[in-house]
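Here is a short briefing for a reader who is new to this structure. Take a look at the sequence and the model before reading on.

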Protein chains: 2
Amino acid sequence: MKLTDIPDDQLNEILPVAKKIAAASGTENYNILQNNGRLAHQEVDHVHFHFIPKPNEKEGLGISWPQTQGNQDRLKKLREEIMAKM
Amino acid sequence: MKLTDIPDDQLNEILPVAKKIAAASGTENYNILQNNGRLAHQEVDHVHFHFIPKPNEKEGLGISWPQTQGNQDRLKKLREEIMAKM
């Protein structure tokens with residue numbers, strides 16, 4: 001199960017709940033993370049959202065996200081392809 | 001601006017749109033990430049959601065999330081504290 005498997009009328013309830021949890025936790029710094037597919041770190045096969053407090057540099061979520069060289073023509077074409085399917 | 005600053009009637013529109021983008025992209029593996037606070041990797045001060053395709057091990061989002069020893073009594077107390085504020 002991935003994000004795309006959830007009906008819109010259930011999806012729309014999730015972030016207002018995440019917001020309530022964030023507020024009630026009193027946490028200043030935090031991440032909302034939702035993983036889809038084994039390759040993308042999904043370890044449990046139901047759709048779920050992580051609320052991850054980040055109290056300091058060492059604890060909580062660390063991310064790495066290698067930057068790649070952009071190609072404006074390629075990006076523009078990709079954007080058009082995606083938009084055409086929406 | 002953080003997640004808690006967005007009204008529910010706007011928050012509820014976000015995930016159905018993310019779902020449309022995920023479907024249109026044709027990506028099998030991907031992450032939805034929303035960061036709150038500098039410590040938690042928020043670099044731009046408006047609320048925004050990242051849709052991050054994960055085409056292979058090297059590209060896309062890498063995460064590190066150090067595990068800590070759980071204490072059931074402490075967790076139960078924390079849960080009660082948070083629930084009381086919701």
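Asp8(A) has a relative accessible area of 34%, so this residue is partly exposed. Its partner in a salt bridge is Lys19(B), with the closest N and O atoms 3.0 Å apart. That pair crosses between chains: Lys19(B) sits in helix α2 of chain B, and Asp8(A) sits in helix α1 (residues 8-11) of chain A. The model is a predicted one.

**Salt bridges between the chains**

- Lys19(B) has a relative accessibility of 18%. The limit for buried is under 20%, so Lys19(B) counts as buried.
- Lys19(A) forms a salt bridge with Asp8(B). Here the closest N and O atoms are 2.9 Å apart.
- Lys19(A) belongs to helix α2 (residues 14-25) of chain A, while Asp8(B) belongs to helix α1 of chain B, so this pair too joins two chains.
- Lys19(A) is at 18% relative accessibility and therefore counts as buried.
- Asp8(B) has a relative accessible area of 33%, so Asp8(B) is partly exposed.
- Across the interface of chain B and chain A, the rule finds 4 salt bridges.
- Over all chains, a search of the whole structure finds 8 salt bridges.

**A salt bridge within chain A**

- Asp45(A) and Arg38(A) meet through their side chains in a salt bridge, at 3.2 Å from N to O.
- Asp45(A) is at 47% relative accessibility, so Asp45(A) counts as partly exposed.
- Arg38(A) has a relative accessible area of 53%. Exposed means over 50%, so Arg38(A) is exposed.

**How the two copies are arranged**

**The interface**

- How many residues of chain B are in contact with chain A? There are 53, and they are in contact with 53 residues of chain A.
- The area buried between chain B and chain A is about 4600 Å². Carbon and sulfur atoms give 65% of that area.
- The rule also finds 18 residue pairs in polar contact across the interface of chain B and chain A.
- Several elements of chain B each supply at least two residues of the side that touches chain A: α1 (8-11), α2 (14-25), β1, β2 and β3 (62-64).
- Which element gives the most to this side of chain B? The answer is α2(B), with 11 residues.
- By class, the side of chain B that touches chain A has 26 nonpolar, 16 polar and 11 charged residues.

**Asn31(B), a buried residue**

- Asn31(B) is part of strand β1 of chain B.
- Is Asn31(B) buried or exposed? Its relative accessibility is 0%, so Asn31(B) counts as buried.
- A polar atom of the side chain of Asn31(B) lies 2.9 Å from the backbone oxygen of Ala40(A).
- Residues of chain A that Asn31(B) touches include Leu33(A), Gln34(A), Asn35(A), Ala40(A) and His41(A).
- Asn31(B) also touches residues of chain B, among them His50(B), Phe51(B), Ile52(B), Lys54(B) and Leu61(B).

**His41 in both chains**

- Most residues other than glycine have a negative phi.
- His41(A) has a positive phi of about 75°, although it is not a glycine.
- Where is His41(A)? The residue is in the loop between β1 (30-36) and β2 (50-53) of chain A.
- With a relative accessible area of 23%, His41(A) is partly exposed.
- His41(A) is also one of the residues that Asn31(B) touches.
- In chain B, His41(B) has a positive phi of about 75° and is not a glycine either.
- His41(B) lies in the loop between β1 (30-36) and β2 (50-53) of chain B.
- His41(B) is at 23% relative accessibility, so His41(B) counts as partly exposed.

Key: Residues numbered from 1 in each chain as written. Chains lettered and ligands numbered in written order. Predicted model: local features only at pLDDT ≥ 70, side-chain atom pairs only at ≥ 80, totals over all residues. Heavy atoms only, no water. Helix = DSSP H or I, 4+ residues; strand = E, 2+ residues; numbered from the N terminus. Buried < 20%, exposed > 50% of the residue type's maximum accessible area, 1.4 Å probe, protein only. Contact = heavy atoms within 4.5 Å. Buried area = accessible area lost by both parts, 1.4 Å probe. Polar contact = N/O pair within 3.5 Å; in protein donor to acceptor, adjacent residues only side chain to side chain. Nonpolar A, V, L, I, M, F, W, Y, C, P; charged D, E, K, R; others polar. Lists of a residue's contacts leave out its neighbours within four places in sequence.
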